[in-house]
Amino acid sequence: MVSSEPDGVDRLDRVMRRVGVLVGIAAAGLFSFFMAGAFLSGVGAADAAPRDLCSLFASEEWRRIVPLAQVSHHTGPGGDVRNDATCEVASQDGWQEKGRHGRLHAFLDRHGATRYGNGWEEARETYEWLREDAAGDGSAPRTVRGLGEDAFAETRFASSDGTRAEAEVTVLLGRDVLTIEYVAEPSSPERVRQVAVAVAKTILAEL
């Protein structure tokens with residue numbers, strides 16, 4: 001699918017869609033809390049997310065897939081029973097190296113035990129919501145074999161001239177949901193998918 005929207009607008013739309021999914025999950029959990037009653041107890045917390053998600057991937061590899069890579073990361077609570085970690089790698093100030101530039105965003109959503117489940121159910125629910133949301137625009141997310149417990153990928157051209165491509169790979173593994181977004185120019189949808197899958201495999205192996 002070829003997109004003529006500016007990259008910034010497309011990225012904002014994708015971020016807002018993800019936020020909407022997570023807000024919906026949180027709202028459903030809150031509703032269940034009030035319906036269950038205060039006599040239930042035992043709310044747990046998620047294990048700590050990696051302090052530096054970017055460090056799980058070698059710095060020389062970042063520079064290879066994202067020219068002039070500038071790396072930043074963040075870790076924090078995603079809720080009472082969820083911890084999140086993010087890694088953002090982007091070509092510095094939009095500068096290109098020999099006509100090449102890229103951006104990679106990794107997002108880890110780690111669930112903990114609640115009074116309603118052990119964290120695995122919550123992670124599965126988040127994963128299924130994200131897959132359903134991915135298919136909501138009429139696209140057909142592609143199953144990725146051999147990655148986590150379940151994984152799917154979306155790929156597309158991100159510019160009307162067909163020079164920029166992007167991929168998003170989402171993986172479920174235990175209580176973790178990992179999403180890798182990768183954009184590169186010049187590139188192809190299949191090439192960016194391969195890179196995103198390779199990054200996901202490397203990070204998952206280090207968790």
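Buried means under 20% relative accessible area, exposed means over 50%, and partly exposed lies in between, with a 1.4 Å probe and protein chains only. This is a predicted model, where local features need pLDDT of at least 70, side-chain atom pairs count only at pLDDT 80 or more, and totals for chains, interfaces and linings use all residues. Residues are numbered from 1 along each chain as its sequence is written, and side-chain values use heavy atoms, without hydrogens and water.

**Overview**

The protein chain has 207 residues, and 44% of them count as buried. It holds four helices and seven strands. Helices (H or I, at least four residues) and strands (E, at least two) are DSSP runs, numbered from the N terminus. Their order from that end is α-α-β-β-β-α-β-β-β-β-α. The accessible surface is about 10,600 Å², with 55% belonging to carbon and sulfur atoms; such areas come from the Shrake-Rupley method with a 1.4 Å probe.

**The sheet**

Seven strands make an open sheet, ordered β1-β2-β3-β7-β6-β5-β4, with antiparallel pairing. Two strands pair if DSSP finds at least two bridges between them. β1 and β4 are at the edges with a single partner strand each, so one side of each has no neighbour in the sheet. Strands β3 and β7 run antiparallel and are joined by 10 bridges.

| Strand | Residues |
|---|---|
| β1 | 69-79 |
| β3 | 101-111 |
| β4 | 142-143 |
| β5 | 150-157 |
| β6 | 165-173 |
| β7 | 176-185 |

**Helix α3 on the sheet**

Helix α3 packs on the sheet and touches β3, β4, β5, β6 and β7. Contact means heavy atoms within 4.5 Å. The direction of α3 makes about 25 degrees with that of β5. Axes here are lines fitted to C-alpha atoms, for helices over the stretch in contact, and angles run from 0 to 180 degrees between N-to-C directions.

α3 spans residues 120-135, which is 16 residues. Its buried residues are E122, A123, T126, Y127, L130 and A134. Down the axis of α3, the buried residues fall within an arc of 140 degrees, so they line one face of the helix. The arc is that of the directions from the helix axis to the C-beta atoms.

**Two loop details**

E185 and P186 are joined by a cis peptide bond, with omega about -5 degrees. P186 sits in the loop between β7 and α4 (189-206).

L68 lies in the loop between α2 (59-65) and β1. Its phi is near 55 degrees, a positive value in a residue other than glycine. L68 counts as partly exposed because its relative accessibility is 33%.

How values were computed: Expected span 1.5 Å × (residues − 1).
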